[in-house]
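This report describes a single protein chain for a reader who is meeting it for the first time. Please keep the sequence and the structure in view while reading.

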Amino acid sequence: EEQIRRKKREDHLEKIRHNVQLKYAAKRKRSEEDETKRLLQLSKDILSEGAGVEQLDHNEEDLILAEYESDEEKKAVSGLEEDDDDLEEEHVTKIYYCSRTHSQLLQFVREVQKSPFGRDTRLVSLGSRQNLCVNEEVRSLGVLQLINDRCMEMQKNKHDKKSAEEMEGKKRRVSRAVCPFYSYEQMQFLRSEVLVEVKDIEQLVALGRETKACPYYGSRYAIPAAQLVVLPYQMILHEPTRTAAGIKLKDQVVIIDEAHNLIDTITCIHSVEVSGSQLCCAHSQLQQYMERYRKRLKAKNLMYIKQILYLLERFVAMLGGNVNQNPGCQAVSQTGTVLKSINDFLFQGQIDNINLFKVQRYCEKSLISRKLFGFMARYRNPTTAVKTNRENQKLAGLQNFLLTLQQGSDKEGDPAVEAEHDQLRTASPLMQIEGFLSALTNANQDGRVIINRQGTVGQSSLKFLLLNPAVHFAKVVEECRAVIIAGGTMQPVADFREQLLSCAGVDPERVVEFSCGHVIPPENILPMILCSGPSNQQLEFTYQTRDLPQMMDETGRILCNLCNVVPGGVVCFFPSYEYEKQVYTHWEKTGLLTRLATKKKIFQEPKRANQVEQVLAEYAKCIKRCGQAGGQMTGALLLSVVGGKMSEGINFSDELGRCVIMVGMPYPNIKSPELQEKMTWLDKTMPRAAGQAPSRVLIENLCMKAVNQSIGRAIRHQKDFASILLLDHRYACPAIFNKLPQWIRERTQVKPAFGSAFAELRKVRTCTLHTV
């Protein structure tokens, strides 16, 4: 039977591949439907002109919560269940290829298209609604959570049958918006088109616009028949997203590329933070919403809204504040950070009697955060004309209160923080809080709640920290036939083996490690560990010594010498933005910056992500100009930060990165409460490795993963060449040295004095000139 079904599908795809008339027929049918729809709307508009005015206008009708019937999940009624020819092929082994960003996935799909297998491979690209939605009204919402909620609501409107009361015409209600792209027939056509020919996400979106079919759902319907599914790795690692996308991992193959920060990614996906101002803001919004629509809400809705209000009240009390006062004006008496287990947090907050699973399910099913957002969009703006009835006088008070919250909670001066706050403000704060409620349903031993009390309640926050990423990765490992964790720079790999696989219950015999060398010849790379500078100052950038003027002067002298002999671009990585700023200011005072600027134009990594492209473009342009002019200035120097925007995913190929310098060792902040808790947890749960405490190994691994990612930016293809300088004598310690990638480690020279290192660089410079 399955053979017959497969043959049928292959014939169908072949027919589509060769039959151009089918495409034209589909196009003609679409334009006819559009015309019919337009005429229908026209007649509805004419009819509605004579209709009586409702108590609430139609925009407000959409804000009222539908009756919540049950806490138990109902099977969603989907129009696509009509199709018995869905070809759900249990025996098609799929490869799920995941990477970090859409641009990396795009590169991969284009390689498949170019390969000899491109024509015969059934490949499906998956993405979020933010990337795939073609409905401009929904896309314009901007924030992913809002886009998701609006899309779900439009589907619900499509599937909801009118109540008998509405059918009888006793209560006229304006029909709710449904998505014109959510068309069963057109999505089936899109599904076939996706399977016929390999398409990347951009081509998929263009096809969706052209065929008036939703690429988000159309691509999902193509999964059962696909052989290769390409998707961002958050979709695989987060179980609810996996289920919603219809991804079944049983006996399939998963390849996780760019997996160097896999543990951090899993931890971040399942950790969530809410501020005091968000909690107070959500409470105020929800309270006003309940008062406004109390008479229209059913008993169960009111019960759950009251439970959420109580939870918000208790959360703010845990921060030492009162939910009914402005969080920006409430000073916190006992500042500091406290960590609690989930159970202790629930008991202390007096919320252990509330079933968080039920509250979470209610938020999910009722779309309350979406309704609240619509309510706020209507009443937030102070410039909106407010009618003078009593209800609206109350709402005018709400507007003023929210305005004070907004002003009180903003941190000034940090553009990155401001941008983040802007994004959170555009969404309903309840959306962020729903994530926190969901996190509190984790097992007690797998996470901690961090209560961070700062100057005011508004600045304080509650954060759920996931300690055990293996609990969320275990399902992937259990179900799959094979999991490949791959990356260009994966060392050190011990933490993958111990924290992810071992804790997830993987048999050690199932784990196979494979590491290969680099495509470049050995002479194309010159890695050196510098133990001292030109004036014999020992290089040791610890927290205690790195701020010393002599240490910053020595770093400047090294850079001056290097910029004299290295052509093109030099990229220098600092451990943090603060230290980079401190060194830059010191060099400005001492005049060293002026000396540097005679040989290289100096660029600094911006804090804002949207400025990165501009800085990189100017940096590249400057290097190209200097290379052609051949004057005294030989290129550019880019001051970057480890773990910043330039240390991952950016290519400093050829002239853009002829030398990469790492200033010191970028150890994480060991005083951070989150890191301390993680270290304590590891020491309790993990065995000691080679006599070292697991917490110490973690710190070293975090540092060296960051180093390896940054220094790998310079070698980007087979004929590329670069020198790599590690400025700190501690890199020569065997425990640290062995955590460098093998292809770098094998060629690394340890230089106790600066003179011999400089001689090596001059030699390389001479060879390069002769080659040219």
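Does Cys-363 count as buried or exposed? Cys-363 counts as buried, because its relative accessibility is 5%; the term buried means under 20% relative accessible area, exposed means over 50%, and partly exposed lies in between (1.4 Å probe, protein chains only).

## Basis of the description

The model is predicted: local features need pLDDT of at least 70, side-chain atom pairs count only at pLDDT 80 or more, and totals for chains, interfaces and linings use all residues. Residues are numbered from 1 along each chain as its sequence is written, and side-chain values use heavy atoms, with hydrogens and water left out.

## The chain as a whole

The secondary structure of the chain comprises 33 helices and 16 strands. Helices (H or I, at least four residues) and strands (E, at least two) are DSSP runs, numbered from the N terminus. Of the 772 residues, 48% count as buried. Among contacts between residues at least 6 apart in sequence, 80% join residues at least 24 apart, where contact means heavy atoms within 4.5 Å.

## The surroundings of Cys-363

Cys-363 belongs to helix 18, which covers residues 356–366. When its neighbours within four places in sequence are left aside, Cys-363 is in contact with Ile-308, Ile-368 and Glu-434. Ile-308 is 55 residues away from Cys-363 in sequence, while their C-alpha atoms are 9.3 Å apart in space.

## Helix 22 and its two partners

Two packed helices are described by the angle between their axes and the distance between the axes. Axes are lines fitted to C-alpha atoms, for helices over the stretch in contact, and angles run from 0 to 180 degrees between N-to-C directions. Helix 16 (residues 299–318) packs with helix 22 at an angle of about 80°, and their axes are 12 Å apart. Helix 16 is therefore roughly perpendicular to helix 22; angles of 65 to 115 degrees count as roughly perpendicular, under 35 as roughly parallel, over 145 as roughly antiparallel and the rest as oblique. Ile-308, Leu-311, Leu-312 and Phe-315 of helix 16 meet Leu-430, Ile-433, Phe-436 and Leu-437 of helix 22. The residues of this contact between helix 16 and helix 22 comprise eight nonpolar, no polar and no charged. Here Ala, Val, Leu, Ile, Met, Phe, Trp, Tyr, Cys and Pro count as nonpolar, Asp, Glu, Lys and Arg as charged, and the others, Gly among them, as polar.

Helix 15 (residues 276–293) also meets helix 22 (residues 429–439): their axes come within 9 Å and cross at roughly 115°. Helix 15 and helix 22 are therefore roughly perpendicular to each other. On the helix 15 side the contact involves Gln-278, Leu-279, Cys-281, Ala-282 and Gln-285, and on the helix 22 side Pro-429, Leu-430, Gln-432 and Ile-433.

Four strands form an open sheet in the order 5-8-7-6, with antiparallel pairing; two strands pair if DSSP finds at least two bridges between them. Strand 5 (272–275) and strand 6 (336–341) stand at the edges with a single partner strand each, so one side of each has no neighbour in the sheet. From one strand to the next, the twist averages 15°.

Strand 5 pairs with strand 8 (residues 461–466) in the antiparallel sense over four bridges, and Ser-275 stands opposite Ser-461 in strand 8. Helix 15 packs on this sheet, where it touches strand 5 and strand 8, and its direction makes about 70° with that of strand 5.

Strand 1 (residues 95–99) and strand 3 (residues 228–232) pair in the parallel sense over five bridges. Tyr-96 has Val-229 as its bridge partner in strand 3.

## Two residues with positive phi

Most residues other than glycine have a negative phi. Lys-212, however, has a positive phi near 55°. Lys-212 is placed in the loop between helix 10 (201–211) and helix 11 (215–221), and counts as partly exposed at 37% relative accessibility.

Glu-258 likewise is not a glycine and has a positive phi of about 50°. Glu-258 is placed in the loop between strand 4 (253–256) and helix 14 (262–269), and counts as partly exposed at 24% relative accessibility.
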